[in-house]
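Please open the model in a viewer and keep the selection tool at hand. The tour begins with the helices around a pocket and then turns to the packing of helix pairs.

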Amino acid sequence: MASNTEPVTSAMDGKVLRGKLNKVVLAYSGGLDTSVIVPWLRENYGCEVVCFTADVGQGLQELEGLEEKAKASGASQLVVKDLKEEFVRDFIFPCLRAGAIYERKYLLGTSMARPVIAKAMVDVAREVGADAVSHGCTGKGNDQVRFELTFFALNPELNVVAPWREWEITGREDAIEYAKKHNVPVPVTKKSIYSRDRNLWHLSHEGDILEDPANEPKEDMYMMSVDPQDAPNQPEYVKIGITEGLPVSLNGKVLSPASLLSELNVVGGRHGIGRVDMVENRLVGMKSRGVYETPGGTILFTAIRELESLTLDRETMQIKDILALKYAELVYAGRWFDPLRESMDAFMKEITKTTTGSVTLKLFKGSVNVTGRESPYSLYREDISSFESGKIYDQADAAGFIRLYGLPMRVRAMLEKGI
């Protein structure tokens, strides 16, 4: 929704405004689009603009000089918050524990980042007394939904302005022209041929040759991982410590969530781990092709899954896998603060209380393979599983079990044969 006020005439210049807002918090990256949105909001809504930037691990180079850029565009201030630990602890790790993967491949990197950013925007809006929030998402993508559903859930009284659904700007040249007209310095950073989103969990690539699913990605596109064929010729072993379904240590060293992930990104990246090329179904109905790099996340997902093979029984694992599909769908669709996801998260937390132990993984030229699993709560018993005779499992008992278990098949065959 945009402003809930009727169009009014600005006393300053007589321009008819789309609505009158007092103060807007804008999700700001410093790129061309968000730089142009600042004066556009002031011109069309007669409001003060407070820019907000979240540090979710996108890299220091993307945060340099932002305050000067924001104020040069007409913003009254820039608020920057370091959300890296919160992002990993409260958003990434719950998805990891749940085993949430969208459409068989996507580890939800962008999907998890948007609600933590939107949540912070709601907090900033309260702190600065803003009556509206705004974002630079296009009307074709998933992110507009993820931002706005979070706004609705956390403060339904906030007005939401989405310029890409309102303005007449249709592309980069229009935006540059608008910027020059309003004396906004055009960012001089080189425009990438790819649309990218980077955070501590992943790096996504879309656009250019990737828009044709038949095209192989160019090797120089990748930024977090080396080509697997150029990775070291010797494997590297890592040991992941896990407590109640969440990773806590690397090779015996206890680390904070963000630090653990950062180190694994480096380790996994140098072995070419975590590359995914997929065609996915966007929430708005169209298909899109994306390439994702998630080196540390791929290692952690493998570790959690392998430890669960020791600690979860068959029925529990099956139900968990079924719910994980729905969990991933909710996160992808921006429904992080939906009561259903929160309820499923409580289930995931409960059934992984015994998923504690360690997993040793072998990293080699793009592959992650388990070499060892240990847990004090392991349901695996060597004295039962061994092919040697044991007291707990009497092999003679299997005959009666098979007769009863196969009774429906036997009865059907008897019917077909007239027995």
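Select H3, helix H8 (295-311) and H9: each supplies at least two residues of the lining of the second largest pocket. Helices here are DSSP runs (H or I, at least four residues), numbered from the N terminus. The model is predicted, so local features need pLDDT of at least 70 and side-chain atom pairs count only at pLDDT 80 or more, while totals for chains, interfaces and linings use all residues. Residues are numbered from 1 along each chain as its sequence is written, and side-chain values use heavy atoms, without hydrogens and water.

Next, display Gly99, Ile101, Arg305, Asp321 and Ala324, which lie nearest the centre of this pocket among its 15 lining residues. A pocket is an open set of points on a 1 Å grid over the protein atoms alone, where a 1.4 Å probe fits, with protein on both sides within 12 Å along at least five of seven lines; lining residues have an atom within 4 Å of a point. The volume of the second largest pocket is about 320 Å³, taken as the space filled by probe spheres set on the points.

Now select H3 (residues 84-98) with H9 (residues 314-332), whose axes come within 9 Å and cross at roughly 150°. H3 is therefore roughly antiparallel to H9 (an angle over 145 degrees). Pro94, Cys95, Arg97 and Ala98 of H3 meet Lys320, Ala324, Tyr327 and Val331 of H9, contact meaning heavy atoms within 4.5 Å.

Finally, move to H1 (residues 32-45) and H6 (residues 172-181), which pack at about 55° with their axes 10 Å apart. On the H1 side the contact includes Leu32 and Trp40, and on the H6 side Arg172 and Tyr178.

Methods
Axes fitted to C-alpha atoms, helices over the stretch in contact; angles between N-to-C directions. Parallel < 35°, antiparallel > 145°, perpendicular 65-115°, else oblique.
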